[in-house]
Every structure is written in C-alpha cells, then in structure tokens.
Amino acid sequence: MVEIVSSGLIGLSLGAQYALLALGFTLIFGIIGVVNFAHGGFYLLGGYLAYAGVGLAGLPYPAAVIAATVATAVLGYLFELLLLERVIEDHLATLILTLGFSLVISTAVVQVFGPDAPLFQFPVQGVVRLWGIVVPLANLIVFAVCFVAIGAAYALIYRTNFGRSLRALSEDRPVAEALGIRAKLMFPLAFALATGLAGMTGALVTPILSLTPHSGDPVLAASFLVVILGGLGSLAGATIAAFLVGLVEAFSAVYLGGSKGALLLFVMVLLVLLVRPTGLCGRPARGA
C-alpha cells in the first residue's frame, strides 16, 4: 500500500509536468493550427537558461526560472511574428520551419555550453516521509509549482478577454476577425504563452531529470503522445491525458520496468483511439 501511494504521488508530479508542456503544445495547434516541432527545443532552452542564471549569473533558482520563462516567451513571440507568420497558411512549411528552429536551438546550446551534460541540480534535496510513504521533496515542489502554473494558465484562457479572444479564433477565425479580433496580433501572444510554459517546465524539471543538448527530444515525443491521447486542440483533454500518462509511467516503472512500461503506454493510447478516434476529449472535425 505504501509503495502504491508513493508511486501515485510521483505519477501526479510527472503528470503535472506533462500537463504544463502539453497545454502549450495543444494551445498552438488549437488556435493557430500549427504542430510546433520546436516545443521540445524551447523546453531545452528553458533548462539551459535556468542553468546559466544559477551557475553563471549567480541568480537564486526561483529568479532563474522566472528569467528562463520570460526569455523563452519573448523568443517565441519573435519567432512567430518574424518567421512563422510568413508561412502560417502552409502546413508543410510550418512543420519544416519549427523543426529547423528546434535544430537551431539544440545546435546553439552545444556551441555555447558544450556537448556534455552540465552539473545542474535542484536546490532542495531530501525526501518527505509520512506514515512510511517516501517522496522526493523536489518532486513535491515541482508538482506544486506546475499545479499553480496550470491553474494560472486556465484562468488566463477561460477568465480573461485575452483568453476569450484566443478561444474565439480557435472556434471560427473568420467570424472572430469580423468581430474585431486581430489574429496577427493574437497569434504571437499565444505562441509566447505556449513557449513560456515550455521554458518554465524545462527550468523546473531538468535539474531533477537531466540536462543535455538532447533533453528536448523525449519531451516532444511525450507532448505528442499526451495531446493525441487527450484530443488534438483540447486543453481539458491534454490535462487529463497528462496526469493519466504520468500515473501509468510511475506505476509501470515500479511494477513492470521501463521498456514494458513504454509498451503499456502505447497500448493504452491505441485502445483509447480505437474507442474514441478523436481522443479522450477531442471533437470530430467540422463536416465529418
């Protein structure tokens, strides 16, 4: 019983990390219609910027996380405004552009920081012991921060005029623009929000897991998996799927092992898609 509870808590922590990542990924797809292959690159950049802030600039870790979040958000804004906006209607071009930008980020990281993994550890160590349950303190802190960030993102999207404008664009762009919502103004802001969430996740998670020039690759794969399971364009689906994937990963790592756990995860996704091809909370395409 103790092992089950410990695994469940770690799974919730993983789920919160995946949810924060997947929110940004599905936000871009749902509003702009772009599959952002650079999402893992922004996660990677957030981790390295936080490392630079702590190890090179001497910032406190919380300040480094905030700086990394803001920097990745600004870079995402400029990327959408100056580059992506030019090919926004060409889906193949957006795929190539975002993939290329991800390669640019990883190459720049290698050139600046080197190919080896830097020594970047979470500033708080130790475990929490309660009634025999043992959970790393770092995981609990990251879970709490991610949970607050997810709540703030939902409040921004569902409780502000900015969020209502974004959702209007995702529902029917021509009608939204006819009502005075400017897509060319909102799209860079949406991209900045998504990349800021990715950068924040990288800054929070990489000290616990690992920080290498290739840390963004598994993150991109996990984001795809979560978004497909939850339903493309569905924020609620991405959140539910993220926690589900986190729990499955945690329990399978304890009881099955890594490779069998990954197989179980893919089988679960396949079974869900057989029953609901649009994912847990996805909607059929218009006209289908």
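**Helix packing and selected residues in a predicted model**

Helix H2 passes helix H4 in a left-handed crossing. A crossing is left-handed if the near helix is turned anticlockwise from the far one by less than a right angle, and right-handed if clockwise. By class, the contact of H2 with H4 has 10 nonpolar residues, 3 polar residues and no charged residues. Here Ala, Val, Leu, Ile, Met, Phe, Trp, Tyr, Cys and Pro count as nonpolar; Asp, Glu, Lys and Arg count as charged; the others, Gly among them, count as polar.

The model is predicted: local features need pLDDT of at least 70, side-chain atom pairs count only at pLDDT 80 or more, and totals for chains, interfaces and linings use all residues. Residues are numbered from 1 along each chain as its sequence is written, and side-chain values use heavy atoms, with hydrogens and water left out.

Two packed helices are described by the angle between their axes and the distance between the axes. H2 spans residues 39-55 and H4 spans residues 91-113; they pack at an angle of about 25°, with their axes 9 Å apart. Helices (H or I, at least four residues) are DSSP runs, numbered from the N terminus. Axes are lines fitted to C-alpha atoms, for helices over the stretch in contact, and angles run from 0 to 180 degrees between N-to-C directions. H2 and H4 are therefore roughly parallel to each other. Angles under 35 degrees count as roughly parallel, over 145 as roughly antiparallel, 65 to 115 as roughly perpendicular and the rest as oblique.

Helix H5 (residues 137-159) meets helix H10 (residues 235-255) in another arrangement. Their axes come within 12 Å and cross at roughly 170°. H5 and H10 are therefore roughly antiparallel. Their crossing is left-handed. On the H5 side, the contact involves Phe 143, Tyr 154, Ile 157 and Tyr 158. On the H10 side, Leu 235, Ala 236, Thr 239 and Phe 243 take part. Contact means heavy atoms within 4.5 Å. By class, this contact has 7 nonpolar residues, 1 polar residue and no charged residues.

H5 also meets helix H6 (residues 161-171). The axes of H5 and H6 come within 5 Å and cross at roughly 70°. That makes H5 roughly perpendicular to H6. Leu 156, Ile 157, Tyr 158 and Arg 159 of H5 touch Phe 162, Gly 163, Arg 164 and Arg 167 of H6. The contact of H5 with H6 has 4 nonpolar, 1 polar and 3 charged residues.

Leu 204 lies in helix H8 (residues 183-205). Leu 204 is buried, with a relative accessible area of 4%. Buried means under 20% relative accessible area, exposed over 50%, and partly exposed in between (1.4 Å probe, protein chains only). Leu 204 touches Tyr 61, Val 65, Phe 122, Val 142, Val 145 and Cys 146, not counting residues up to four places away in sequence.

Cys 146 is itself buried, at a relative accessible area of 0%. Cys 281 is partly exposed, at 31%. The structure holds 0 disulfides (pairs of cysteine sulfur atoms within 2.5 Å).

Leu 271 sits in helix H11 (residues 258-275). Leu 271 is exposed, with a relative accessible area of 51%. Its C-alpha atom is 10.0 Å from that of Leu 229, 42 residues apart along the chain.

Terms used: Helix = DSSP H or I, 4+ residues; strand = E, 2+ residues; numbered from the N terminus.
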